[in-house]
Amino acid sequence: MNIAIVGTGYVGLVSGTCFAETGANVTCVDVDKNKIERLLNGDIPIYEPGLDEMVHKNVKAGRLKFSSDLASVINDQEIVFSAVGTPPDEDGSADLKYVLQVAKTIGENLNRYLVVVTKSTVPVGTARKVRAAIQAELDKRGVSIDFDVASNPEFLKEGNAIKDFMSPDRVVVGVESEKAKKVLTKLYKPFLINNFRVLFMDIPSAEMTKYAANSMLATRISFMNDIANLCELVGADVNMVRQGIGSDTRIGRKFLYAGCGYGGSCFPKDVKALIKTADKCGYNMQVLKAVEAVNEKQKAVLYHKLTKSLGTDLKGKTIALWGLSFKPETDDMRESTALVIIDLLLKAGCTVRAFDPIAMDECKRRIGDTITYCNDKYDAVLNADALLLLTEWKEFRLPTWAVVKKAMKNPLVIDGRNIFDAEEMADNGFEYHCIGK
């Protein structure tokens with residue numbers, strides 16, 4: 001089966017590579033010629049565990065190819081997936097210009113039946129706009145060519161994307177014809193054989209499912225952060241509360257961890273976009289607006305804990321950061337809490353020393369040399385007045401505290417992910433603060 005994936009970011013490159021792994025012949029397309037050149041040279045432009053090996057394996061097998069010219073490959077495909085970016089517009093709504101540009105290119109060059117599938121996260125109603133954009137170009141050409149549009153939202157977690165794709169909780173596919181359903185059933189046959197759930201539905205429901213899923217997860221995070229902040233005021237322990245409510249099968253244990261805010265490419269963007277979709281329909285998403293407000297406030301909570309311990313005048317203080325990415329196992333810093341904390345610290349006149357196993361190059365790309373990038377976690381705490389844990393990388397979980405304390409000027413640790421033990425920290429002579437305790 002021949003398919004093309006337009007866009008070689010996290011979603012496009014992972015999806016294309018995994019489809020190739022199941023036996024499809026895949027062409028990954030991107031207008032960024034430098035990115036395609038890197039891929040042709042075996043240089044993977046994103047960090048995702050296991051992706052390098054799988055890309056090289058499928059390129060070698062001839063099932064995975066790369067191109068910067070969508071027009072030249074369209075008519076060799078049965079399916080074209082659109083996995084281009086949908087960044088927030090100035091008003092918070094999803095910017096569909098890249099999605100519609102792909103549709104326009106398809107309409108300009110289409111010569112035979114094709115299923116056009118949106119894999120990007122897009123607002124409800126986008127499929128209609130994609131269909132209209134393709135049809136408009138066909139009408140300009142004066143040709144009548146049958147095509148279908150479909151929606152196949154992704155549910156990949158960065159850092160675990162390959163496993164999520166190959167062993168999914170569910171695959172959601174929105175279609176509007178039996179012909180499109182038949183084509184996509186053929187593509188997902190390997191998943192059906194393995195008894196994974198492939199849920200076919202109408203296109204608006206598929207488009208809404210993605211936003212609803214991410215918004216629910218974001219809601220759980222903000223709810224627990226709100227509970228954690230109240231726990232601190234009343235003398236409760238949010239970790240105990242989490243265990244208590246998570247044991248209720250109606251609630252479950254996942255996404256009940258308190259911390260210093262969520263980030264990444266999905267949750268912040270999708271919550272904003274769903275709020276904006278509702279606004280356009282004349283409906284006020286009160287819960288999601290509160291979720292967003294709680295999260296923005298939570299990103300500064302470690303800074304406020306810092307000023308409570310060291311005072312409001314932080315000028316001249318050296319602050320160590322462990323972690324820069326928005327979560328472990330990725331170099332993604334989009335909407336990262338670290339960016340908020342760094343900005344607050346620099347404005348307060350602090351010197352910032354940071355270490356992240358993967359994301360330091362990405363941080364430097366974003367903010368340059370405004371902070372010091374360190375060789376390892378122990379280098380980061382050298383002469384520090386405080387250590388802030390922002391990302392729960394595994395290598396941060398069991399440091400040699402005697403080395404940390406000896407290197408620091410002041411033994412203050414503020415744990416934004418609740419990964420350290422308060423009693424152990426006290427035994428090692430640290431002033432220790434975490435979230436919700």
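**Exercise 1. Place Thr126 in the fold: which helix holds it, is it buried or exposed, and what does it touch?**

Step 1. Thr126 belongs to helix α6, residues 126-141. Helices here are DSSP runs of H or I with at least four residues, strands are E runs of at least two, and both are numbered from the N terminus.

Step 2. Thr126 has 1% relative accessibility, so it counts as buried. The cut-offs are under 20% relative accessible area for buried, over 50% for exposed and partly exposed in between, with a 1.4 Å probe and protein chains only.

Step 3. Skipping residues up to four places away in sequence, Thr126 touches Leu96, Val99 and Glu207. Contact means heavy atoms within 4.5 Å.

A word on the model before going on. It is predicted, so local features need pLDDT of at least 70 and side-chain atom pairs count only at pLDDT 80 or more, while totals for chains, interfaces and linings use all residues. Residues are numbered from 1 along each chain as its sequence is written, and side-chain values use heavy atoms, with hydrogens and water left out.

**Exercise 2. Work out which strands pair with β1, and how many bridges join them.**

Step 1. Take β2 (residues 25-29): 5 bridges join it to β1, and the two run parallel. Strands pair if DSSP finds at least two bridges between them. Ile5 sits opposite Cys28 in β2.

Step 2. Bring in helix α1 (residues 10-21), and β1, α1 and β2 give you a right-handed β-α-β unit. Right-handed means that, with the strands pointing away from the viewer, the path from the first strand over the helix to the second runs clockwise.

Step 3. Now β4 (residues 79-82), which pairs with β1 in the parallel sense over 4 bridges. Ile3 stands opposite Ile79, and Ala4 has Val80 as its bridge partner.

Step 4. Check burial: 4 of the 5 residues of β1 (residues 2-6) are buried, so this strand is largely enclosed by the rest of the structure.

**Exercise 3. Follow β4 onward: which strand does it join through 4 parallel bridges, and what covers its faces?**

Step 1. The strand is β5 (residues 114-118), running parallel to β4. Val80 faces Val116 there.

Step 2. Side chains in a regular strand alternate between the two faces of the sheet. In β4, Ile79 and Phe81 are on one side, Val80 and Ser82 on the other, and all are buried, so both faces are covered.

**Exercise 4. Describe how α14 packs on α15, then zoom in on Leu302.**

Step 1. Helices α14 (residues 301-310) and α15 (residues 337-347) pack at about 35 degrees, with their axes 9 Å apart.

Step 2. From α14 come Leu302, Tyr303 and Leu306; from α15, Ile341, Leu344 and Leu345. That makes 6 nonpolar, no polar and no charged residues. The nonpolar class is Ala, Val, Leu, Ile, Met, Phe, Trp, Tyr, Cys and Pro; Asp, Glu, Lys and Arg are charged, and the others, Gly among them, polar.

Step 3. Leu302 in α14 is buried at 0% relative accessibility. Beyond its neighbours within four places in sequence, its contacts include Cys260, Leu388, Ile414 and Ile435.

Step 4. Leu302 is also among the residues with the most contacts inside the largest nonpolar core, which has 56 residues. Such a core is a set of buried Ala, Val, Leu, Ile, Met, Phe, Trp, Tyr and Cys residues joined through side-chain atoms within 4.5 Å. A second, separate core of 42 residues includes Phe19, Phe66, Val115 and Ala150.

**Exercise 5. Where is Glu329, and what is its phi?**

Step 1. Glu329 is in the loop between β9 (318-322) and α15.

Step 2. Its phi is near 65 degrees, a positive value in a residue other than glycine. At 27% relative accessibility, Glu329 is partly exposed.

Conventions. Axes are lines fitted to C-alpha atoms, for helices over the stretch in contact, and angles run from 0 to 180 degrees between N-to-C directions.
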